[in-house]
Amino acid sequence: MLEKVLPNAMLMGKPNLESRIRTLKRDWSIVYDMLSGKNNSGFGWDEHRQLVVAEDTMWNSYINSHKKAAQFRHRSFPYYEQLTAIYAKDRATGNDAQTTADIIEEINAEDVAATNTHEERNYFHGSEADVSLDDVDLSATQPQLSRNQLETKVILHFQRRKKDF
């Protein structure tokens, strides 16, 4: 379609559209952080003019630490509400954030709980296995997982957590 409208412009649709989408998302993120960020209660949204409003002191203070926000001091952002409907649900908030160590600890705790549940089931059903010490893997006290085993456990962990929601 670009070629038909601008025949000799040598513009390609896909990279230009992707670039524009990245720019809109970046700009939306800046405005969203002003309106929804911590300690930013001085900012508001003017529906009529489609722009961020705040007292001059609030703007000056915020711009000192967020230089890219300066462009929105007097500039409207007419797509803010539509972009919020698209991007806000995917926005990381820090709630429920976990480090790799937290995830591994939680997975190990789930494995212990599952093992204990299985052992309790066997005990209650009178089917406790007769196992000799030769059959017990003592290295299991500090399991060393391969990268693939760890990745598999992490994927399974998140699949189980997703079902909880």
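Guide: Gladly. In this predicted model, Trp28, Tyr32 and Tyr87 form one aromatic cluster.

Visitor: What makes Trp28 and Tyr87 a tilted pair?

Guide: Two values decide that. The ring centres of Trp28 and Tyr87 are 5.6 Å apart, and pairing asks for centres within 6.5 Å.

Visitor: Which parts of the chain does the pair of Trp28 and Tyr87 tie together?

Guide: Trp28 sits in helix α2 and Tyr87 in helix α4, so the pair ties together parts 59 residues apart in sequence.

Visitor: How do you know whether Trp28 and Tyr87 are buried or exposed?

Guide: Buried means under 20% relative accessible area. Trp28 is at 2%, so it counts as buried. Tyr87 is at 15%, so Tyr87 counts as buried too.

Visitor: Why is the pair of Phe43 and Trp59 called edge-to-face?

Guide: The ring centres of Phe43 and Trp59 are 5.2 Å apart and their planes stand at 80°. That angle is over 60 degrees, so the pair is edge-to-face. Phe43 is in the loop between α2 and β1 (44–46), while Trp59 is in helix α3, 16 residues apart. Both Phe43 and Trp59 are buried.

Visitor: Now to charges. What makes Arg73 and Asp56 a salt bridge?

Guide: The closest N and O atoms of Arg73 and Asp56 are 3.1 Å apart, and the rule asks for a side-chain nitrogen of Lys or Arg within 4 Å of a carboxyl oxygen of Asp or Glu, so the pair qualifies. It links distant parts of the chain: Arg73 in the loop between α3 and α4, Asp56 in helix α3, 17 residues apart. Asp56 has a relative accessible area of 53%; exposed means over 50%, so Asp56 is exposed.

Visitor: What else does Arg73 touch?

Guide: Leaving aside residues up to four places away in sequence, Arg73 touches Val52, Asp56, Trp59, Asn60 and Ile63. With Asn60, the side chain of Arg73 also makes a polar contact of 2.9 Å.

Visitor: How many salt bridges are there by this rule?

Guide: The count comes to 4. One of them joins Asp46 and Arg49, at 2.7 Å from N to O. Asp46, at 19% relative accessibility, falls under the 20% limit, so Asp46 counts as buried. Arg49, at 46%, falls between the limits of 20% and 50%, so Arg49 counts as partly exposed.

Visitor: What about Asp27 and Arg26?

Guide: Their side chains meet in a salt bridge of 3.2 Å, N to O. Asp27 is at 3% relative accessibility and counts as buried, whereas Arg26, at 41%, is partly exposed. Arg26, Asp27 and Arg75 are linked in a network of salt bridges.

Visitor: Which residues make the nonpolar surface patch of about 270 Å²?

Guide: Val5, Leu6 and Leu11 make that patch. Leu6 lies in the loop between α1 (2–5) and α2 (13–36). Patch members need over 30% relative accessible area; Leu6, at 40%, passes and counts as partly exposed.

Visitor: And why is Leu150 called partly exposed?

Guide: Leu150, in helix α6 (residues 147–164), has a relative accessible area of 29%.

Notes
Residues are numbered from 1 along each chain as its sequence is written. This is a predicted model: local features need pLDDT of at least 70, side-chain atom pairs count only at pLDDT 80 or more; totals for chains, interfaces and linings use all residues. Side-chain values use heavy atoms; hydrogens and water are left out. A polar contact is a pair of N or O atoms within 3.5 Å; within protein, one must be able to donate a hydrogen and the other to accept it, and residues adjacent in sequence count only if both atoms are side-chain atoms. Contact means heavy atoms within 4.5 Å. Patches are made of residues with over 30% relative accessible area and no salt bridge: like charges are joined within 9 Å, nonpolar side chains (Val, Leu, Ile, Met, Phe, Trp, Tyr) within 5 Å. Accessible areas come from the Shrake-Rupley method with a 1.4 Å probe; for residues, only the protein chains shown count as cover. Helices (H or I, at least four residues) and strands (E, at least two) are DSSP runs, numbered from the N terminus. Buried means under 20% relative accessible area, exposed over 50%, partly exposed in between (1.4 Å probe, protein chains only). Rings of Phe, Tyr and Trp (its six-membered ring) pair if their centres lie within 6.5 Å; planes under 30 degrees apart count as stacked, over 60 as edge-to-face and the rest as tilted.
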